[in-house]
Amino acid sequence: MFKKSTKVTYSVCRFDELTSLQQQLIDKAKEQVQNAYAPYSGFYVGAALELENGEIITANNQENSAYPSGLCAERVAVFYANAQYPDIPVKTLAIAAFTNGEFLKMPVTPCGACRQVLLETELRYETNITILLYGSQEIYVISCVKDLLPLSFDKLQLQK
Ligand code: THU
């Protein structure tokens with residue numbers, strides 16, 4: 001028996017260290033928490049993504065009284081983008097979360113199902129998606145979804 005390990009590399013940044021486009025995406029993700037429908041969790045998540053054609057798409061989490069029927073902000077954003085612009089890769093995605101009257105201090109990190117969906121989009125267009133995770137104290141910049149989901153299941157494993 002032997003051990004293997006995997007490493008996640010990401011940058012920890014202040015807002016003023018980001019590019020102006022990255023700052024814009026974070027601002028839009030923060031704005032979007034206002035439109036979230038999260039009466040059950042009180043956890044309001046906003047997302048903003050930039051497509052390769054420069055289009056910016058925003059979204060938020062949508063909950064439901066039948067809890068599993070709701071959807072996270074990231075998936076609302078990426079499914080909308082893929083539905084409306086099926087030929088355009090997603091370049092960057094920013095997310096922010098607001099609860100108990102404030103934005104999370106530490107960056108909000110996507111759930112496993114969102115990571116899987118984001119990975120599909122990354123592989124589909126063969127273009128890395130930069131992920132910006134907002135926290136009021138620090139911001140994480142992750143260069144691709146693959147880094148967020150080590151040992152992932154993907155389409156290569158379905159090949160016969
Ligand atoms: N949620 C998101 O929208 N994105 C995340 O990254 C984490 C969780 C939503 C799902 C649910 O509406 C609420 O936050 C609490 O889990």
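Ala, Val, Leu, Ile, Met, Phe, Trp, Tyr, Cys and Pro count here as nonpolar, Asp, Glu, Lys and Arg as charged, and the others, Gly among them, as polar. The model is predicted, with pLDDT of at least 70 needed for local features and 80 or more for side-chain atom pairs, while totals for chains, interfaces and linings use all residues. Numbering starts from 1 along each chain as its sequence is written, and side-chain values use heavy atoms, without hydrogens and water.

**View 1. Lining of the largest pocket.** Ten nonpolar, six polar and two charged residues make up the lining. Of these 18 residues, Phe43, Val45, Asn61, Glu63 and Cys72 lie nearest the pocket centre.

**View 2. Contact of helices H2 and H3.** The contact (heavy atoms within 4.5 Å) involves Glu74, Arg75, Val78, Phe79 and Asn82 of H2, and Ala113, Cys114, Val117, Leu118, Thr121, Arg124 and Tyr125 of H3. By class, seven residues of this contact are nonpolar, two polar and three charged.

Key. Helices (H or I, at least four residues) and strands (E, at least two) are DSSP runs, numbered from the N terminus. On a 1 Å grid over the protein atoms alone, a cavity is a set of points where a 1.4 Å probe fits but cannot get out, and a pocket is an open set with protein on both sides within 12 Å along at least five of seven lines; lining residues have an atom within 4 Å of a point.
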